[in-house]
Number of protein chains: 2
Amino acid sequence: MFSADQIADIQGFNKVYQNLLKQIDSAILETGYTLTEKDVLLEISKTERCTANILIQQLNIDRSYMSRMIAKFEKHGLIEKTLSQTDSRIRYIRLTELGHKEINRLADIQNNHISAIFNKLNDTDQNNVWQAMVMIRNKLSEANDVITIRPFAQSDIEYVISRHKTLYYAERHLSGTFSAYVDEIVYNFVEKYNDRTDCLKILECNGVPAGSIAIAKVNKDTAQLRFFMLEPEMRQRGFGNRLMDMALDFCRNKGYKTVFLLTITAQIVARHVYETHGFHKVASYDKSEWGNGVIEERWELEI
Amino acid sequence: MFSADQIADIQGFNKVYQNLLKQIDSAILETGYTLTEKDVLLEISKTERCTANILIQQLNIDRSYMSRMIAKFEKHGLIEKTLSQTDSRIRYIRLTELGHKEINRLADIQNNHISAIFNKLNDTDQNNVWQAMVMIRNKLSEANDVITIRPFAQSDIEYVISRHKTLYYAERHLSGTFSAYVDEIVYNFVEKYNDRTDCLKILECNGVPAGSIAIAKVNKDTAQLRFFMLEPEMRQRGFGNRLMDMALDFCRNKGYKTVFLLTITAQIVARHVYETHGFHKVASYDKSEWGNGVIEERWELEI
DNA sequence: GACAATTAGTTGACTCAGTCAATTATAACA
DNA sequence: TGTTATAATTGACTGAGTCAACTAATTGTC
């Protein structure tokens, strides 16, 4: 239990830090973009196959407001809209060259501001402050984030495809061939999805999707683990293991004898989760069509 | 120099913490008060002899906006305005009973929210996070606050009186007799103020007054140190010593042989500054008319 | 296969915090 | 005594964000 003095200290911290955040914010505002606009642009840049609806869910923004913002971005040449071939209600949003330039500019401003603030500290202080921040962040997230794991809904399909691709793209530089492959397997999976044999769980952090895992029936005894993914900020906090536990429980309940998964060599963090759950590598295949030197691995677990 | 990864960590911290601040803010907003209104009410409650102008300066708020806010507070019975006897442009603002109740309610909401967030941590984590916050706060303030020490202007008179009284009141529970005494001595001091023999410096933090110190001539050889004051958040950061250095330099330059000051026994922090600058206690008088058991002390320094 | 219910996105009308500029009333200055 | 500065108010406005109604396409169901 905190004393009144300690709470006063925290209020003091809040005041100082709020001030600092305001400084960064006002630097952004000088560019002519709203903070919300900045967030939206950033989210678009982070999202493959982005739609207005994904943005609305991910950022908790009013639909009408979003619609107008997107219209404005289009008018200013920051984004391009393309109609979906499969569902003509949906318009995909993609950053243009100019859009990328602008979001980079905004990110630079933010980074430079942070650098400027922290470079006034000497090296030891910089290090101490940084470590303290990481510690606080982890402790507070751990204690306050509302985490739920729920079955997938139709609206999650776009999320799973989009984020799966984005995260692999961003972190592993995979090619367009991989992208088409993901589209196909996700749509195939959802189409054939059967409650009794398959499973697709969505991890939500504070009401926003932040990870996924799936089990797909291959035959009576064999299941494939798929779409295992965690947003970067959710990693190293045990959620990977929790998702994996749920998926393997599902497999045990359904009587599968073997679970396998396909992954690429570079996915080091995920490998660790696989290993701790008893998976072992049984084969590897060259997949250079997905990117230079990419090797796909097959891991298996006997239940 | 920070690495890109470290900056990303800090961005992550900012995001998490901004979110947390937003939560607290939205709890305040639920009461029907704007965040700005909350700040203004708080500042009114902290300020003796409060005027709209003090609030404008202290909080950097537009005059018209402030005027309307104050009108609203008055209409809702949170404050009372009284015309100044000496300057009929000035209207003094004082919280009513209801106003105090409301500001306490707001403060409680904020404190409870903070408590709720931190009580989810275990004791060690609570302690670590608290210490880390205090450390970050100090380092960042140290590095980023813009501190200036400047001669006083007419507009500072109200500040010096108001804060001097408020801080003594709040921290030492002094009586109304003391209050009248401060009014008198400040007005006397300013009236008789002479650039060549007297000195009144204002410490500013980010453009906002945050402390003061003064030297008043008593006779050719003797000066009195007065109005030595620091806002709580500015203490323990060396500003007391800096102000004291400036004041004593002034005394040396003007050829004073003796500097004395009057203080009350309870002012432990200030005593330390006095001692390190060579002052020693020469007498003490009973001042129970200022409050129960208050003892005034006279300290002197031979230059 | 038709009709109800959903979902993606748009449009209209509005709210309300905050700003800019002009005005009144008093005090200070020279 | 007229000019300048200051305290406070009033008027007219901006612009981020909200609420609700609407269109158009899709899905679910009997």
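1. **Interface.** In this predicted model, the two copies meet through the same surface, because 98% of the interface residues of chain B are also interface residues in chain A.

2. **Symmetry.** Chain B superposes on chain A with an RMSD of 0.1 Å. Which residue of chain B comes closest to the rotation axis? It is B:Ala132, whose C-alpha lies 2.8 Å from the axis.

3. **The chain A fold.** Chain A has 10 helices and 10 strands. Its C-alpha trace spans about 60 × 50 × 35 Å along the principal axes. Of its 303 residues, 48% are buried. Take the contacts in chain A between residues at least 6 apart in sequence: 60% of them join residues at least 24 apart.

4. **Aromatic residues across the two chains.** Over all chains there are 12 aromatic pairs. One of them is A:Phe13 with A:Tyr17, and this pair is stacked. How many residues apart are they in helix H1 of chain A? They are 4 apart in that helix (residues 4-29), so about one helical turn separates A:Phe13 from A:Tyr17. The group also takes in chain B: A:Phe13, A:Tyr17, B:Phe13 and B:Tyr17 form one aromatic cluster.

5. **A buried arginine to check.** Look at B:Arg226 in strand S7 of chain B, which covers residues 222-230. B:Arg226 is buried, yet has no salt bridge. Where is the nearest side chain of opposite charge? That side chain belongs to B:Glu296, 7.4 Å away. A salt bridge here requires a nitrogen-to-oxygen distance within 4 Å. What does B:Arg226 contact, leaving aside neighbours within four places in sequence? Its partners are B:Tyr181, B:Ile185, B:Ile213, B:Ala214 and B:Ala216.

6. **Arginine over phenylalanine.** In chain A, the charged end of A:Arg298 sits over the ring of A:Phe260, 3.9 Å from the ring centre. Chain B has its own such arrangement: B:Arg298 lies over the face of B:Phe260, at 3.8 Å from the centre of that ring.

Terms used
Residues numbered from 1 in each chain as written. Chains lettered and ligands numbered in written order. Predicted model: local features only at pLDDT ≥ 70, side-chain atom pairs only at ≥ 80, totals over all residues. Heavy atoms only, no water. Least-squares fit on C-alpha atoms with pLDDT ≥ 70 in both. Contact = heavy atoms within 4.5 Å. Helix = DSSP H or I, 4+ residues; strand = E, 2+ residues; numbered from the N terminus. Buried < 20%, exposed > 50% of the residue type's maximum accessible area, 1.4 Å probe, protein only. Lys, Arg positive; Asp, Glu negative; His and termini not counted. Phe/Tyr/Trp six-rings, centres within 6.5 Å; stacked < 30°, edge-to-face > 60°. Lys NZ or Arg CZ within 6 Å of the ring centre and 35° of its normal.
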